[in-house]
Every structure is written in C-alpha cells, then in structure tokens.
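Hi everyone, thanks for coming. I'd like to take you through a structure that I've been looking at, so please have a look at the screen.

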Amino acid sequence: MSKTRIRVLVAKPGLDGHDRGAKVIARALRDAGMEVIYTGLRQTPEQIIEAAVQEDVNVIGLSILSGAHMYLFPKITDMLKERKMTDILVIAGGIIPAEDIVELNKMGIKKVFTPGTDTKEIVDFIKKNIAVA
Amino acid sequence: MDYKKVKKARKDWTDKTLDPVLKKFPERKEKFLTGSNKEVKRLYDPLDTENIDYLKEIGYPGDYPYTRGVQPTMYRGRLWTMRQYAGFGDAEESNRRYKYLLKNGQTGLSIAFDLPTQIGYDSDNSMSHGEVGKVGVAIDSLKDMEILFEGIPLDKVSTSMTINAPAAVLLAMYIAVAEKQGVPANKLNGTIQNDILKEYIARGTYIFPPLPSMRLITDIFEFCSKELPRWNTISISGYHIREAGSSAIQEIAFTLANGIAYVDAAVKKGLDVDNFAPRLSFFFNAHNDLFEEISKFRAARKLWAKIMKERFGAKNPKSLMLRFHTQTAGCTLTAQQPDNNIIRVTLQALAAVLGGTQSLHTNSRDEALSLPSQKSVRIALRTQQVIGYESGVTETVDPLAGSYYIETMTREIEDEVMVYIDKIDKLGGAPKAIENGFVQREIQNSAYQYQKDIEDKKKIIVGVNQFQSEEETMKDLLKVNPKIEKQQVEKLEDTKKSRAGNEVNKKLKELKKAANTDKNLMPFIIDCVKSYATLGEICDQLRDVFGEYKDSIKI
C-alpha cells in the first residue's frame with residue numbers, strides 16, 4: 001500500500017430531508033477511490049464532529065437545502081476550531097446564496113458547491129486540497 | 001383502418017423516402033431517449049397503436065378507465081386549481097402572503113410548514129435551532145393556526161397542507177380554527193399530505209415507525225369519512241420520489257405501490273373501500289420531457305382505476321378516479337442563468353395540464369438559489385394563467401389522445417409500472433420493500449445515472465453543461481427574518497402561560513392512554529389542540545407510546 005485513501009464524511013446537518021445530492025456525491029467520491037462515510041439525516045453539529053473523530057476523516061462534506069446553513073455551519077466550524085481539528089478540509093453544498101458563501105468561506109468552509117456542479121470538480125478539489133501521506 | 005395498406009406504405013416510405021436521406025444525413029444520435037432513458041423511435045404510426053383498443057384502454061373522459069381524465073368536460077368546465085405552495089417565517093407573515101396570492105387570482109391555499117413543525121418539534125426544542133420559519137411557517141399551537149388563517153374564510157377556500165407525520169395534529173388545529181370561525185367540519189375543503197411511506201423513501205420528515213404511522217393514517221381515513229366528507233385525507237406523493245432522482249416509471253410505480261399499502265391497511269382495519277377511497281388523492285412531479293410526462297399522467301390514471309376495481313373490488317366510480325396535484329420539478333431548476341427556469345417551468349406546467357391535473361404549483365425561477373421572492377412567485381403564478389387563459393390547450397379535453405406516440409408511450413409506461421408493482425408485491429408490499437431498502441436503492445441508482453448522463457453530456461442542461469455564459473448574480477433573494485425564531489419562542493412561552501395547565505395535562509394523558517388502545521385518536525387529538533397543548537407536547541405523548549423511526553442508510 002503506497003497511499004492511504006482519502007476519508008470523507010458526508011453529513012446532513014439539521015432537519016433537512018433532501019439527501020439526493022449528498023448520496024450522489026457520496027457515490028461519486030467513492031467511485032473516485034475515496035472512503036466515504038454517510039451520516040444519514042438529522043445530524044446535530046455534535047454528532048457530526050463525533051463521527052468525524054470516530055472515522056478519522058480528512059474531509060467533511062456538509063449538505064443542506066433548508067436554509068439553516070448560517071446557523072448550523074458556524075457551529076460545526078467553531079467546534080472544529082475548539083477541538084483543534086482544523087486540518088480537516090470542510091466543504092459544503094446545497095441551496096446557498098452567493099452572499100452567504102462569502103461569509104462561510106471566512107468561517108473556514110473552504111468551498112461551497114452550488115447546484116449544477118460537476119462531481120469531478122468536487123473530486124479534483126478534494127484531491128488538490130488534501131495531501132494524504 | 002386497413003393495417004395491411006399501412007404496413008405496405010410504411011415499407012415504401014422507409015425504402016424510398018427515409019433511407020436515402022439517412023444515408024446522406026445521419027441522425028444526430030444513434031439512440032434517442034426520453035428524460036427517463038426510455039428509447040424513443042424515429043416515428044410512430046397507426047401500426048404502433050394497432051393493438052390498443054380505444055374503448056377498453058382509452059375510452060371517454062369521466063368514464064372508466066379514466067385515461068382521458070376524471071371529468072367529462074375537464075378544463076371546459078373549470079380550470080385546474082392554481083395552488084402555490086407558500087409559507088415562511090411566522091403565522092402573521094404567511095397570512096399576508098396567502099392574502100396576496102388570493103388577491104392575485106390564486107384559487108386555493110397550500111401551506112408550507114417549517115421543518116420543526118413537520119417533525120413534531122416545538123420552536124423551543126434544541127433540534128429546532130436555525131430551522132424555525134425557514135422552509136415554511138412555524139406552528140406550535142392552535143394560537144399560531146388562528147393567526148395563520150385570520151381573515152380567510154375557511155368555508156370559501158380549499159387548503160392543502162404539506163404535513164405528514166403529525167398530519168392528524170395539524171388537521172385537528174384546522175378543524176378547531178374553522179369551528180371558531182363558525183364553519184362546521186363537514187364544510188371544509190382541502191388536503192393533508194399524510195403520506196408517510198414516501199417520507200421513509202425520499203423526503204425524510206418521519207417521526208414514528210411504520211406500523212403506528214399507518215394506524216394514524218387509517219384513523220384519519222375513518223374519522224374524515226364520517227366528519228369531513230369533502231376532505232382529501234391523503235395525497236399519495238410521487239413528487240418527492242421523483243425529486244430524489246427516480247425515473248418517471250419509478251415515480252408512478254412506487255407511488256401506486258404506496259397507495260395499495262394504504263388501501264390494504266384501511267381495509268384490514270375494517271373500513272369499506274368505497275367509504276374512504278373517493279377521498280384519496282395523488283401528487284405528481286412534472287419533469288422536463290413533455291410527452292413522457294403527459295403519458296405518465298394518463299397511465300397513472302388508468303392503472304389506479306384498474307387496481308381499485310380489480311384488486312380491491314371498489315364499486316363507487318369516485319373510488320376509481322385518480323385525482324392529482326402536480327408540481328413542476330424543483331430538481332430541474334438551475335442556479336445558472338436562473339431566468340431560463342421560467343421556460344422550464346412553463347413546459348412542465350404544460351405537461352401537467354395536458355396530462356389532466358386537478359391542481360398545479362409552478363416553481364419560481366430562483367428556487368435553486370433560495371426561497372422564492374414575491375416577484376418570482378408572481379411570475380410562476382402568471383405562467384399558469386397564461387397557459388389557462390391564452391394558450392388554448394384547455395379548450396378541448398385530452399387533446400393529445402390518439403397521438404400514436406402518446407398512446408404508445410402511455411401503454412408502455414403502464415406495462416413497465418406493472419412489472420415494478422408485481423415485484424413489490426412479491427417483496428411483501430411497499431412497507432417491506434422500503435424496509436429492506438429496495439425502493440431507495442432503485443431511486444439512488446437512477447439519480448446517480450442521471451448525474452452521470454449530465455456530466456457525460458448525454459443529457460444537455462442549458463446553461464449548465466452547454467451554452468454557459470457569464471452571469472450576474474441574482475438580486476432580491478428572499479431572506480427570512482432572523483429574529484423569527486426568538487419571536488416564535490417568546491410567543492410559545494406566552495401561550496403556555498395563558499392556557500389552563502391542568503386541562504392541557506389531562507387531555508395529553510387521555511391521548512396517551514388512547515394511543516395504547518386501538519381507539520381512533522382523532523377526537524383525542526382535537527381535544528388536545530383545543531386546550532392549546534402544543535404540537536411538540538402532543539407528538540411527545542405519541543413518541544412515548546409508538547417510539548421513533550431510525551433510518552438505516554444504504555449508499
């Protein structure tokens with residue numbers, strides 16, 4: 001084994017039940033050779049952080065379409081900072097207006113992918129931003 | 001018709017007219033596919049419909065098997081109900097939006113609830129943080145419902161409520177508000193979605209496990225058949241199944257399979273099929289492929305009529321009629337060049353109308369970016385009005401009947417849906433097929449294929465994988481007031497202070513006791529809401545007795 005596989009947690013924070021995107025991304029990342037863990041619906045920020053620790057992931061992908069991102073995402077990035085887990089790459093997707101994306105980037109969400117994004121673009125972004133030993 | 005002559009003519013045309021052209025100018029693609037990847041032939045002619053018996057398979061509108069529509073005059077009698085799904089923030093704000101829509105010519109209300117309401121949490125629950133008032137209006141108690149319908153006479157409008165797991169509670173609140181307005185329950189018109197099976201499959205707002213959930217649903221069937229004869233007790237929904245990525249065929253197959261499960265459950269409870277079946281209604285998606293969608297609606301009507309008649313022995317014609325609401329496909333809206341969405345919505349709405357829908361919601365152009373703005377909602381409503389009043393497609397019933405293509409496609413969809421339904425029967429019915437993940441897996445596979453087709457440019461999405469252009473960001477997006485959550489929590493506290501606590505506790509205890517028996521729970525829930533018990537309190541009683549559903553995820 002020359003290379004460890006990139007481990008990704010795909011998470012659905014909050015009460016939003018729209019998981020088509022999350023599931024499609026999960027599968028695309030897996031097909032691209034990554035190890036993918038999907039949390040399922042209705043995850044609290046605490047549960048997501050816990051899963052990230054347990055699964056020892058390199059990447060957290062957050063998906064939300066309910067409009068609660070400006071409340072839930074900062075909770076998650078704050079917790080990551082508190083627990084010194086900032087080496088984890090955090091990306092997000094969903095129905096997220098452009099002006100919010102600027103704010104989310106400042107909080108430490110490296111990239112927000114909006115509807116219509118090619119999954120290959122996400123794969124490339126992760127590979128570029130993660131150097132797995 | 002002399003099919004021999006047609007056959008000969010077809011051969012002559014192929015040899016003399018078609019082939020020389022094909023040799024010189026090959027077609028754009030080797031294979032042509034519908035939006036759901038069904039193969040489409042170059043041409044359809046009378047030979048394709050030779051075996052379709054008009055009287056048996058198509059017939060006349062308002063007559064069995066209702067392929068051409070559930071009413072004999074369709075839109076010549078009355079246009080479909082133009083019903084825009086709306087609601088956000090608190091009850092006051094939503095009430096203003098409803099009055100605005102009614103003033104602009106909308107003919108029915110469609111209530112969007114926020115996620116905490118849909119999952120049976122009060123606004124002050126820790127799970128509700130950040131979600132209050134976001135995707136719909138927050139309703140904690142009867143107090144909010146009174147404000148929501150203030151100044152809207154409930155005997156004059158029909159109201160559709162997108163509520164599933166706690167549908168019984170919201171319906172109880174609606175009945176209580178009507179009573180305060182002096183409107184008796186038997187005058188109420190409307191629909192509750194009340195379709196839990198598709199929540200497990202695709203939408204995610206479940207609370208309880210399947211068995212007690214089915215019991216609540218059949219309690220509602222029974223209660224309404226006596227007390228609310230004009231109420232649609234369920235809206236069996238393919239919409240969200242399609243949004244989750246299914247094909248057109250899967251949408252119909254899984255929806256009808258769920259429908260079969262509800263009828264089965266009600267019959268097992270001892271209800272007479274002709275007592276409750278007339279109030280079952282459906283909800284479908286209108287996607288991009290115009291002819292496939294039209295055929296899909298026609299096939300669904302025909303299939304349900306056959307199922308109700310042959311499988312359940314229903315005799316009342318109303319039990320056989322598949323009446324449906326349609327919403328244009330949210331998943332087809334693009335964040336890129338959002339104004340193009342207006343055209344997509346127009347075509348999808350046209351499919352719904354040509355497919356004979358009873359009511360319609362048209363999506364707004366900005367919904368891939370945020371909740372729709374007032375201006376975008378108005379364009380969406382105007383789209384329906386242009387189709388209804390200007391396009392002329394409403395002037396004759398089922399205008400595409402007899403089209404070789406439409407009739408062939410209707411028949412093919414019907415056959416393919418039946419293959420799925422047989423498969424689900426063999427698996428033990430829809431609840432079992434959902435439990436073992438069959439349905440979800442099928443949908444996920446289609447969703448993934450759809451995405452790959454777009455990325456491989458097998459499917460072209462204008463502005464996304466072709467014809468991209470520089471764009472400016474869309475302005476005037478709707479923002480939900482961030483203070484809503486705090487205000488809503490304060491209102492809830494006030495309500496709790498002003499109500500008679502003893503009475504609330506007594507009613508909640510009675511409900512819990514009844515939940516442990518097989519008594520119909522509706523009267524108990526109505527008593528609870530009238531005491532101003534909150535949605536969360538009521539659902540907690542039921543959680544204690546029924547437990548909570550846990551999704552087992554398979555990717």
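Let's start with the sheet in chain B, where 5 strands form an open sheet in the order β2-β3-β4-β5-β6, with parallel pairing. Strands pair here if DSSP finds at least two bridges between them, and the elements themselves are DSSP runs numbered from the N terminus, with helices (H or I) of at least four residues and strands (E) of at least two. Before I go on, please keep in mind that this is a predicted model: local features need pLDDT of at least 70 and side-chain atom pairs count only at pLDDT 80 or more, while totals for chains, interfaces and linings use all residues. Residues are numbered from 1 along each chain as its sequence is written, and chains are lettered from A and ligands numbered from 1 in the order in which they are written.

Now to the core. The largest nonpolar core has 189 residues; by nonpolar core I mean a set of buried Ala, Val, Leu, Ile, Met, Phe, Trp, Tyr and Cys residues joined through C-beta atoms within 7 Å. Buried means that 20 or more other C-beta atoms lie within 10 Å of the residue's own; exposed means 12 or fewer, partly exposed is in between, and C-beta atoms are placed from the backbone. Helix α10 of chain B (residues 248–268) gives the most to this core, with 13 residues. B:I220 is among the residues with the most contacts inside the core. Neighbours within four places in sequence aside, B:I220 is in contact with B:A167, B:A168, B:L171, B:N194, B:T233 and B:M522, where contact means C-beta atoms, placed from the backbone, within 7 Å.

Over to chain A. It has 5 helices and 5 strands, running β-α-β-α-β-α-β-α-β-α from the N terminus. Of its 133 residues, 51% count as buried. Among contacts in chain A between residues at least 6 apart in sequence, 72% join residues at least 24 apart.

What about β3(A), residues 59–64: how many of its residues are buried? The count is 6 of the 6, so this strand is largely enclosed by the rest of the structure. A:V59, A:G61 and A:S63 are buried on one side, and A:I60, A:L62 and A:I64 on the other. Strand β1(A), residues 7–11, runs parallel to β3(A) and is joined to it by 4 bridges, with A:V8 partnering A:V59. β3(A) also pairs in the parallel sense with β4(A), residues 89–94, over 6 bridges, and there A:S63 stands opposite A:G93.

Finally, the two chains together. At the interface, 34 residues of chain B are in contact with 27 residues of chain A. On the chain B side, α18(B) brings the largest share, 5 residues. As for confidence, the predictor gives the complex an ipTM of 0.94 and a pTM of 0.95. Chain B averages a pLDDT of 96, and 100% of its residues score at least 70; pLDDT is the predictor's confidence in each residue, from 0 to 100.

Note on methods
Contact = placed C-beta atoms within 7 Å.
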